[in-house]
Amino acid sequence: MINSNMINTIKKKCRLTKGFFPSFTPVIYNLTVDTSPAGVYSFVGINGSNFLPNGITTVNFGAYKNIPVTYSSSFNISFVVPTYLP
């Protein structure tokens with residue numbers, strides 16, 4: 001049976017800490033661009049942090065909005081864009 005003395009003892013031993021929410025804002029450190037031999041498209045790699053998987057992270061690139069990316073890790077993503085941007 002649990003009594004009030006036990007509850008007070010448990011409460012005293014529990015340590016309260018102030019929580020925080022982590023940052024989910026993507027940060028870009030550098031870009032790499034490789035153009036196809038025929039010059040039809042460019043492969044763009046982004047190195048950074050806080051990238052999220054499963055379609056959560058997308059890219060806006062010039063006139064192209066919400067480009068789906070290939071997720072490699074929370075530090076690396078890549079995508080393909082045509083070289084003839086409107």
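Which residues make up the largest nonpolar core? The core has eight residues: Val44, Ile46, Phe51, Val59, Ile67, Ile77, Phe79 and Val81. A nonpolar core here is a set of buried Ala, Val, Leu, Ile, Met, Phe, Trp, Tyr and Cys residues joined through side-chain atoms within 4.5 Å; buried means under 20% relative accessible area, exposed over 50%, and partly exposed in between (1.4 Å probe, protein chains only). Strands β2 and β6 each put in at least two residues of this core, and β6 gives the largest share, with three.

The model is a predicted one, so to speak of local features takes a pLDDT of at least 70, side-chain atom pairs count only at pLDDT 80 or more, and totals for chains, interfaces and linings use all residues. Residues are numbered from 1 along each chain as its sequence is written, and side-chain values use heavy atoms, with hydrogens and water left out.

Now for the sheet. Four strands form an open sheet in the order β1-β2-β6-β5, with antiparallel pairing. Strands are DSSP runs of E with at least two residues, numbered from the N terminus, and two of them pair if DSSP finds at least two bridges between them. β1 and β5 (70–73) sit at the edges with a single partner strand each, so one side of each has no neighbour in the sheet. On average, neighbouring strands of this sheet are turned by 25° against each other, direction ignored (axes are lines fitted to C-alpha atoms). Three bridges tie β5 to β6 (residues 76–82), and the two run antiparallel; serine 73 has asparagine 76 in β6 as its bridge partner.

Back to phenylalanine 79, which is buried, with a relative accessible area of 3%. Leaving aside residues up to four places away in sequence, phenylalanine 79 touches Ser42, Phe43, Val44, Ile46, Val59, Phe61, Ile67, Pro68 and Val69, contact meaning heavy atoms within 4.5 Å. The structure holds one aromatic pair. Its rings, those of phenylalanine 61 and phenylalanine 79, have centres 5.6 Å apart and planes at 65°, so the pair is edge-to-face. Rings of Phe, Tyr and Trp (its six-membered ring) pair if their centres lie within 6.5 Å, with planes under 30 degrees apart counted as stacked, over 60 as edge-to-face and the rest as tilted. Phenylalanine 61 lies in strand β3 (residues 58–61) and phenylalanine 79 in β6, 18 residues apart. Phenylalanine 61 is partly exposed, at 29% relative accessible area.

Technical notes:
Axes fitted to C-alpha atoms, helices over the stretch in contact; angles between N-to-C directions.
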